[in-house]
Amino acid sequence: MNQRSICPVGGTLSLISGKWKPVLLFMISNEINRFNQIEKAVTGISKKVLTTQLRSLEKYGLIDRSVYKKKHPQVVVYNLTTRGYTLLELMDTIFDWGANNLLEEPHRSHVQAVRKKLQRN
């Protein structure tokens with residue numbers, strides 16, 4: 001984050017804003033956390049953009065990356081860091097607000113059902 005950003009709201013939004021970062025954080029928090037799983041689950045994202053967005057989240061300490069080279073092909077797994085977990089309540093609130101204020105039925109019910117199915121314990 002730019003050190004000149006002194007507004008906590010703006011600074012936070014700069015870390016998680018964009019088309020893909022919130023989606024990636026949601027996926028990783030729901031154990032869709034292998035590179036290939038994420039690539040298949042997120043429609044419309046190129047491998048290059050996915051890599052760039054994941055690196056950005058890693059750079060800001062929201063996720064960590066583990067590479068398992070003993071498996072062939074190597075497996076890359078992403079997990080939320082302690083700092084990343086602190087965003088989950090905020091992400092849940094944003095999700096709820098969007099579902100309740102931007103979606104109309106039956107989309108709202110469908111999205112909420114999918115979320116409930118993925119709900120973290």
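Which residues in H1 meet which residues in H2? The points below take up that contact and what surrounds it.

1. **Model and layout.** This is a predicted model. The chain has 7 helices and 2 strands. From the N terminus on, they run α-α-α-α-β-β-α-α-α. Along the principal axes, the C-alpha atoms fill a box of roughly 45 × 40 × 30 Å. Of the 121 residues in the chain, 31% are buried. Among contacts with a separation of 6 or more, 45% come from residues 24 or more positions apart.

2. **H1 against H2.** On the H1 side the residues are Ser14, Leu15 and Ile16; on the H2 side they meet Lys21, Pro22 and Leu25. By class, this contact has 4 nonpolar, 1 polar and 1 charged residues. Helix H1 spans residues 8-16 and helix H2 residues 21-29. Their axes are 8 Å apart, at an angle of about 70°. An angle of 65 to 115 degrees counts as roughly perpendicular, so H1 is roughly perpendicular to H2.

3. **H2 against H4.** H2 and H4 pack with their axes 10 Å apart and an angle of about 75°. That makes H2 roughly perpendicular to H4. Here Lys21, Leu24, Leu25 and Ile28 in H2 meet Leu50, Gln53, Leu54, Ser56 and Leu57 in H4. The classes in this contact are 6 nonpolar, 2 polar and 1 charged residues. Lys21 and Leu25 take part in the contact with H1 and in the contact with H4.

4. **The buried side of H2.** Which residues of H2 are buried? They are Lys21, Leu24, Leu25, Met27, Ile28 and Ser29. The partners of the buried residues are H1, H3, H4, strand E1 (63-68), E2 and H6.

5. **The core.** In soluble globular proteins, nonpolar side chains tend to be buried together. The largest nonpolar core here has 22 residues. Leu24, Leu25, Leu54, Ile63 and Tyr78 have the most contacts inside it. Two or more residues come from each of H1, H2, helix H3 (35-41), helix H4 (47-59), strand E2 (75-80) and helix H6 (88-102). H2 gives the most, with 4 residues.

6. **Leu25.** Leaving out residues up to four places away in sequence, Leu25 touches Ile16, Leu57, Leu62, Ile63, Leu80, Leu87 and Met91.

7. **The aromatic pair.** The structure holds 1 aromatic pair. The ring centres of Phe26 and Phe95 are 6.0 Å apart and the planes are at 5°, so the pair is stacked. Phe26 is in helix H2 and Phe95 in helix H6, 69 residues apart, so the pair links distant parts of the chain. Phe26 counts as partly exposed because its relative accessibility is 24%. Phe95, at 22%, also counts as partly exposed.

8. **The loop after H2.** Glu31 follows H2 and lies in the loop between H2 and H3. Most residues other than glycine have a negative phi. Glu31 is not a glycine, yet has a positive phi of about 65°. Glu31 counts as exposed, at 65% relative accessibility. Asn33 touches Ile28, Ile38, Val76, Val77, Tyr78 and Asn79, not counting residues up to four places away in sequence.

9. **Thr43.** Thr43 is found in the loop between H3 and H4. At 70% relative accessibility, Thr43 counts as exposed. Thr43 and Ser14 are 29 residues apart in sequence and 23 Å apart in space, C-alpha to C-alpha. Ser14 is one of the H1 residues that meet H2.

10. **A cis peptide bond.** Most peptide bonds are trans. The bond from Glu105 to Pro106 is cis, with omega near 5°. Pro106 lies in the loop between H6 and helix H7 (107-118).

Definitions and conventions. Residues are numbered from 1 along each chain as its sequence is written. This is a predicted model: local features need pLDDT of at least 70, side-chain atom pairs count only at pLDDT 80 or more; totals for chains, interfaces and linings use all residues. Side-chain values use heavy atoms; hydrogens and water are left out. Axes are lines fitted to C-alpha atoms, for helices over the stretch in contact, and angles run from 0 to 180 degrees between N-to-C directions. Angles under 35 degrees count as roughly parallel, over 145 as roughly antiparallel, 65 to 115 as roughly perpendicular and the rest as oblique. Contact means heavy atoms within 4.5 Å. Ala, Val, Leu, Ile, Met, Phe, Trp, Tyr, Cys and Pro count as nonpolar, Asp, Glu, Lys and Arg as charged, and the others, Gly among them, as polar. A nonpolar core is a set of buried Ala, Val, Leu, Ile, Met, Phe, Trp, Tyr and Cys residues joined through side-chain atoms within 4.5 Å. Buried means under 20% relative accessible area, exposed over 50%, partly exposed in between (1.4 Å probe, protein chains only). Rings of Phe, Tyr and Trp (its six-membered ring) pair if their centres lie within 6.5 Å; planes under 30 degrees apart count as stacked, over 60 as edge-to-face and the rest as tilted.
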